[in-house]
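Subject: Structure for you to look at

Hello,

I am passing on a structure that you have not worked with before. My notes on it follow the display.

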Amino acid sequence: MREFNVLVVDDEDEFRDLTVKRLEKRGLKAKGAAGGKEALEILEHSHTDVVLLDVKMPGMDGIETLRQIRIMRPLVEVVLLTGHASVDSGIEGMKLGAFDYLMKPIELEPLLEKLGDAYEKKRLHQDKIEQAQMKRHLSMPS
Amino acid sequence: MTGVQEFTQRTRRTVDGSVSCLQSAVCFLGKAMQRIVSFFRNMFSPVQEQRLSPEELRDAFRKRYANFRSLLTANNNALQAMAELEKLYYGSKGYRMAVVRSKITTILVNVYKMISNLLAMSDGKYKDLETVFERISQDIENIVERRPVLHQGPMVLPLDEVKREVRDQVGEKMANLGEVGAIDGLVIPKGFVLTASATRHFLTDANLAEINRRLQVLDPDNLEDLYRTCEEIQKMVRESPLPPDLEELLYVHYARLERGTVPHCRVALRSSALGEDTAGVSFAGLYRTILNVDRDSLVAAYKEIVASKYGARAISYRRKRGYRHEDIEMCVGCLVMVDSLVSGVTYSRDPGEEESEVIRINATAGIAKGVVDGTTITDLYLVSRETPHAVVYREMRQDQTASALTYGQIKKLAEAALRLEQHFGAPQDIEWSIDHQGTLHILQSRPMLTVKVEDSDDDDNRTPQVEEGGEAPFMLGGICASAGIASGPIFRVDTTETMRRFPEGAVLVLEHPLPDWAPLLSRATAVIAEHGSEAGHLATVSREFGIPALFSLPGAMAGLVDGEIITVNAGSRAIYRGRREDLLRRRTVRKDIMAGSPVQRIVTEILQHVTPLNLNDPASPQFKPSWCETLHDITRFCHEKSVSEMFNFGQRHGFDQAAAKRLVGKVPLEWWVIDLADGFREGINIEEKTVRIEDIVSVPMLAIWKGISAFPWQGPPPVSVRGFGSIIFQSTMRPELDPAVASALTVKNYFLISENFCNLSVRLGYHYAMIEAYLSDLLTESYVTFRFKGGAADLGRKAVRARLLADVLETYEFRIELESDSLLATLKKKPTEYLKQRLQILGYLTLHARQLDMVMNNSGTVGQYRDKFIADIEEMLACCTTPIFGESGHAGEQETAAR
């Protein structure tokens, strides 16, 4: 697995800590956040590639957090996690530009695969932007 | 290896799915730059003057292709989830709402992805789809989220005011008991009911939301998890404070009971759940009954019973029978304890036989709990239903010299049983106690589960029978608690720890058939216990699930060794060594345990919005978003339009000549080729409307073509009358199946190609097949997929055909997923030469499977065709040394060359 930064956002301590630990064991850099607000703070200050985001949280819920992430860090890919959420929130998340969604409870392998895919998308996206920028710089008379 | 190299390799190895497709698209685009540039010039020049750089052009193309690929992936995922939902619905196993919900979400999200991709490809041309999708998903959401209607009423009702009419307030059990109390000559204990309104007052919305959240994330197959979660939820319920007004009411009504009996009277608190109204569902012994409760522990006992709704047994049972937790509401009966001399259970008809003329009474000294728990050994009486109710059979199982019941008591019980049966209009299962004054108290009366006994020959419970032929049983005896035959390895359970390790498909061996072991019944093939009787809860649940159960078998725990395979015939009370196929063949199919349950009703309704396909003919004027009624329609529409968007892309921008070319030469049927990039030989005339096989350089297409042209197609074989009738019938039902009205588009077969990629859609009126392949030097990127669905004829024959194709493909190491008539065969990460061979096989099958439309009527024919297919394929592969390039593609020549 390539090394990239994952932020796990879930209000359930046990689930979050376990997921972070398992991801780290598989060579990823993982952090945890207990809620939407904390997640946005971490995104503000440290490098994150992919966010694993629980839809159902007290306070700022997953959908609102997703909305904020899209504004603040449009390049960061978000994988939604739905458990007790209604069927609707899966679709709503996709409409807001989430990369994909997963159902709780999740197995490690499909989770890694999904996070990897999300990271790949982010990387390609970033490459493209960098290339465009590079071209602009090159074409500019110095 | 340098760090960079290693990084790149790793990246490639882990890339899969849509990402790899995107990269693939980038790869094959390299060489065709010049053509693409002219393509996009044509595309953009009429509209705008802006000149795009080659990179930007390549990007635009890549995006479109990525959308197309991602749409195809979403299509596959959506159809897969639809098939899985149908499989659950039509299957014989229980399923729970969470699984249904997750399938629906998968379907909805993927259909949504398809729409987004199509809109991106078509510059928003089919925007109406969004409205349609919104409407359908809202309909589905409404069905999924629908809750049972709850009636508000008083929080407490005295039992003597309770009738059937208030059962949506007091639950089935107490409603029935109230009815019994009103029958002349029958006595029930004094008491009152804490209604559903009380429970709702006690458990707040916040409580319920938290409970639901925990249940949602629970994996019920993980017993560890199940028990922990149940314990947590129950603890939460126990620790929630009872609202003061409810507490006051409880004490007021208790004081009334004291006034009616004696001060400080003891009471029994019994569960009475609401919503358990499906015929054939017993919910036996799932919830708590607490005896001998005094005033001080009244509140705690009440909470305990409300909490028992979330017991492990109850949760796994509801799950198995298709009940959502919100479908069940717990009510609690509070009854004055009967000072019992003897207690027991009466069946107004012996459940062993269907039209039994005897009453069965199980009795024990003291209170009745032990009888239903399966912990107490009981005396058995079979009593004639005719007056004067002679005792026709008696079995003293208790270690007593005297019989538990006198004849006078037996007569009284028989009369009460017939009285109750008459009142409720069905055979009854009655729990009772006789007090020291000789008064008979009815504690519960409910309709008996009429379980059809599977092996009526063997049902003589009183004498063990020896099977004819084969090795004799090594254990014989006991009581048949649930008839039936099953086989599996022995697994003895005596602690919760061993319970958690219980493997799927094992024979459960117990000392006591306690109701606590009931969650294991969803995994056990049979149950054997040293103690217990046919009247216990575990026996009831075993009968309900159709699991053979043999109880009161002495020495079972010691005599049976873990891991040894045995065959149990509960009906003849015999255990055999090994797996006895001769006995197992007698077994009948297990019944549909979900029938009529709330979850099944929900899925029935949901499927109406998901699976029916109304849009069949792309040429019909009705083939548009506004005619999409189901999610399946939307997927069909998106898929069709995405293919034609790839195809029309050029057309819309003055590029039609090059977009699709008809394959010419002596080729069977009609084939069209769309070059995505690099698929045609360099230097061919782009303006030509036709292309010859020699002009194709797409490696996967050539491999498929080799299979298509390996043997001449002989046309459809003669039709059997039955087969033809079925096709005519279907054609009448679905006009677009009629060959006479088949439109031009439906008979076209498209190859979308590049040098290393090929997507072939074959839509030949009756069936739909798709082969897709990407061949790369990187193993991780290479794949071949084959989809096959439909065809003329009824679903049964379609399924047989899909099975046949699956069999053949399995022979060639394809990974198979088969749901009814829809087949998916895949291969991944294999060398190119290997995949080329497999593509050849697919090419061959795609063409020749058409012949099967008319002849799949008997298994003999099926076998014949499978053998012929495999023989042909072997012959074809044997002569595979000829180079792939430069062949003519002409069927006749190809065959000559092969010989």
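Asp123(B) has a relative accessible area of 54%, above the 50% cut-off, and therefore counts as exposed. Its position is the loop between helix 5 (97-121) and helix 6 of chain B. The phi angle of Asp123(B) is near 50 degrees, a positive value in a residue that is not glycine. Please keep in mind that this is a predicted model.

Which residues of helix 6 of chain B are buried? They are Leu129(B), Val132(B), Phe133(B), Ile136(B), Ser137(B), Ile140(B), Glu141(B), Ile143(B) and Val144(B). These residues cover an arc of only 165 degrees around the axis, which means that they lie on the same side of helix 6 of chain B. An α-helix has 3.6 residues a turn, so residues three or four places apart point the same way.

Arg573(B) also has a positive phi without being glycine, with a value near 55 degrees. It sits in the loop between strand 18 (565-569) and strand 19 (574-577) of chain B. Is Arg573(B) buried or exposed? Its relative accessibility is 8%, under the 20% cut-off, so Arg573(B) counts as buried.

Another loop of chain B, between strand 8 (379-384) and strand 9 (391-395), holds Pro388(B). The peptide bond leading from Thr387(B) to Pro388(B) is cis, with omega near 5 degrees.

Asp633(B) belongs to helix 21 (residues 631-652) of chain B. With a relative accessibility of 0%, Asp633(B) is counted as buried. Beyond its neighbours within four places in sequence, Asp633(B) is in contact with Pro612(B), Leu613(B), Asn614(B), Leu615(B), Trp627(B) and Cys628(B). For one of these, Leu615(B), the separation from Asp633(B) is 18 residues in sequence and 5.6 Å between C-alpha atoms. With Asn614(B), the side chain of Asp633(B) reaches the backbone nitrogen at 2.6 Å.

Chain A has five helices and five strands, in the order β-α-β-α-β-α-β-α-β-α from the N terminus. Of its 142 residues, 49% are buried. Among contacts in chain A between residues at least 6 apart in sequence, 65% join residues at least 24 apart. Chain A exposes about 6,900 Å², of which carbon and sulfur atoms supply 51%.

Regards

Notes
Residues numbered from 1 in each chain as written. Chains lettered and ligands numbered in written order. Predicted model: local features only at pLDDT ≥ 70, side-chain atom pairs only at ≥ 80, totals over all residues. Heavy atoms only, no water. Helix = DSSP H or I, 4+ residues; strand = E, 2+ residues; numbered from the N terminus. Buried < 20%, exposed > 50% of the residue type's maximum accessible area, 1.4 Å probe, protein only. Contact = heavy atoms within 4.5 Å. Areas by Shrake-Rupley, 256 points an atom, 1.4 Å probe, with all protein chains shown as cover. Polar contact = N/O pair within 3.5 Å; in protein donor to acceptor, adjacent residues only side chain to side chain. Arc of directions from axis to C-beta.
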